[in-house]
Each structure stands twice: as structure tokens, then as C-alpha cells.
Amino acid sequence: MKKLELHWKILIGMVLGVLFGFVMNQFSWGSNFVINWIKPLGTIFIKLLKLIAIPLILASLIKGISDLKDISKFRNIGLRTIVIYICTTVVSIILGLLLVNVLQPGDGISEATISKLTEAYANDSAVVAKMEEAARQKNVGPLKFLEDMVPDNALAAMTNNKLMLQVIFFTIFMGISMLLIGEKKSDPLKKFFDSLNDVVLKMVDLIMLSAPFAVFALLANVVVSSSDPELLLALLKYAGVVLLGLFLMVVFYCTIVSIFTKKNPFWFLKQISPAQLLAFSTSSSAATLPVTMERVEEHIGVDKEVSSFVLPVGATINMDGTSLYQGVAAVFISQALGFDLTLSDQLIIVLTALLASIGTAAVPGAGMVMLVIVLEAVGFPADKLAIGLALIFAVDRPLDMFRTVINITGDATVSMIVAKSVGKLGKPNVKNWDDNLEEVR
């Protein structure tokens, strides 16, 4: 009997989790039961993925750089990665702006709905926290994000997943230094990181055995924690515009995969689907990173020299899905509250959303923080900012799940294009968790 593939197991877990959540909502005790007894299973799974994220970046990136044997190759990979990420982000923002201007979802929001949403969310602690964080981000210097990339303590950076860019900086610095001291002197350290890389990838395989059960728990919790259904329906048109834009970004990715790598786009989506489903369930590119790297390297065939740099950098600075959402949300709020945006204002949105996606990448709940920065850049009235955020807060969580899928799909797409451009896109080499089980029995 043919073994059911992982993406189908995860999909089944997601569907059952949603159904279970809806069933539990019918009982007065159901929500507490899910939160106390089901949600922890999903939380443990996310913690396990975050647990290995830093060791994976450290081992994989050092192995990738030390295997290059030539610093100029790393420069080529780095420049192409940054340029392509900027291009895809600009495409996503412009696509979002085109859709929201043509479909105008904000024009259909009634005064009663605005009042109800404002009453429900304008003073919400999460909304207030996002505005405070945006104020802090706005007051820093223009090169603050570069300053934040350089750690003053490498070990401290490795203890905090929010400082992933600092870990990447230190790891690249270390990998280049290993190249410069010569192969003979660096060989013992290289062997250590090669071995660590294999161990961490095996840990990914073992963690993924529990993925179907984890997504069941995560989705059940999302359902029982969801907002007022009436408010969700009121924002259906806005959510629909965002989802249409995200779907068109997938079409865009598939098109450039087909053109530049000559690979079947449906094959690409199938190979990356477990990572996409986990991104949807966790709403975190960083937590999904170990799985994204495993799928891209073993199932798509991108060489570690490329994936070890492109994917960790993408998880921290490439936010195509979030950037598209910035454009749609900013214009939607302006339409709903009667604040006219000129063409120059919308060009400012493109530039600000692009810079914000890089500069605030490590901020928790970056999407809404970025949105506040974007709205302030076009002169949106400060006294209406809380109302603007309240308008979209009810659907932010489900949309965050979808845009995270786009973020990691964009990372995988760029890794394939960069790998193809430097001749590092080979054949898949799939490894299973029990490949070496007979040796230790």
C-alpha cells in the first residue's frame, strides 16, 4: 500500500482541526477545552521548530559558504538575492494597489460597521501596542536597521529568534573568515558544522512526524478564538481583495519559476506544500524556516550553498504577502474613512512599504506595525489611526495566515531562481527520518 504523502496528512489534520473547532464552539466548555488541552500540542510543535532554527542557520550557512571555495561566488549569490527580493516585493505592493483601487472595497463599509469595529477594537491592547511599536520605529535613524543587523554579542543573538539577522551576519562573517584562513586550517571546524547540519536536518524530519497533529491543534485553536462572525462578514470584501492579490502572487511565482528554471510550476507547489501548510498554521516564516529549507534542498534540488543564504535572509526581510497587504489595507482604510490618496501618495506607499518590510522585519506582529508607518508616511490623520487599525483588526489573524504562505513561497521561488542563475539547481535528494535506523538497531 502506498504511503500517504506528508502534505495530504497535514491537509487532513487542518480540515479535522477546523471541524473540531466548530464542534467545540457549540458547547459552553468547548473553547476552554481546546485552549487548555489541544492548543498546547500546537504550541510545543512551534517551539520545536523555533528551537532548531538558529542551529540550522548557523550550520547550514557556514557549510554553504565554506563549500563555495571562492568568495566571489558568495558575492554573486548575495547581490542576486537582494535584487530579486526587492523586485518581487515591489511587484506585490503595486499589485495590491492596483486591485484595491479598481475594486474599492472601502466604499462599501457603512457608518454603523465602522462604529461597531471602532468600539470593538480601537482601544484593544494589541492595537495600542502596534501603534506604540510603530512610533518607536519611526523615531529611529534611517540606518538603524543596518545597525541592528550587527550583534555586540554573538551568543546573546543566538538565544533570541527575533535577532535572526544578527545571527546571519555573524555566520556569514565566520564563514568568510573560514575561507580566508585556508582549507587545511578550517577543515576541523567545517567538519563539525557539516555534522551539526546533518543532525539538525534529521531533527526536522523527526519533528515533521507530528506535523499533522500539530496543525490540527493550531487550527482548532484559531477557530475557537475567532472574532465576531458578523464583523468578519462585514469585512469580507476587503479580505477578498487581499486574498485575490495573494493568489495572483502565487500565479506570478509559478510563472517566473516556469520561465527561469523550466520546472513545472505544479510540481514546485507540490514540493513546497508542506512548508506552505505549516506557514498557514503557524503564521510565522521564522518558525517554518527549518521545513522550508528541508523542502527546498531535498525535494526541489536547490544546493545548500544557495538555500543556506537565500532562505534565512528571506525569512527576515522578504515579506511579499505582508507588503501586498500593506498597500491594500492602507488604501482600504483611506477609502472607508474618506481620506483621499493622490498618485504621489500611492507611490509613497510603494516606497515606504518596501523600506518597512526590510527595516521592521524582526518586529513582532510586523504587519500592523508596518501599516502604521505606511499610513503616517502619506499624512493619514493621527487621531484616526486607531480607528483605521480597528477596521481591519478583526480579519488580521486569518489574513496573516494566508500572507505568511505567500512570504515563504516567495522565499522558495527566489532560491530556485538564484540557484538556476549560478548553476546550483540540481536533482532532488529526499532523505527520510529512518534512513539510518538499521545502523543503530
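Trainee: How much of the protein is buried?

Mentor: Buried means under 20% relative accessible area, exposed means over 50%, and partly exposed lies in between, using a 1.4 Å probe and protein chains only. In this protein, 52% of the 441 residues are buried. This is a predicted model, in which local features need pLDDT of at least 70, side-chain atom pairs count only at pLDDT 80 or more, and totals for chains, interfaces and linings use all residues. Residues are numbered from 1 along each chain as its sequence is written, and side-chain values use heavy atoms, with hydrogens and water left out.

Trainee: How many helices and strands are there?

Mentor: Helices (H or I, at least four residues) and strands (E, at least two) are DSSP runs numbered from the N terminus. The protein has 21 helices and zero strands.

Trainee: Which residues make the contact between H15 and H20?

Mentor: Contact means heavy atoms within 4.5 Å. Axes are lines fitted to C-alpha atoms, for helices over the stretch in contact, and angles run from 0 to 180 degrees between N-to-C directions. Here the axes of H15 (residues 304–317) and H20 (residues 396–421) come within 9 Å and cross at roughly 150°. Val306, Val310, Leu311, Gly314 and Ala315 of H15 meet Asp411, Ala412, Val414, Ser415, Val418 and Ala419 of H20.

Trainee: Is Thr316 buried or exposed?

Mentor: Thr316, which is placed in helix H15, counts as buried because its relative accessibility is 9%.
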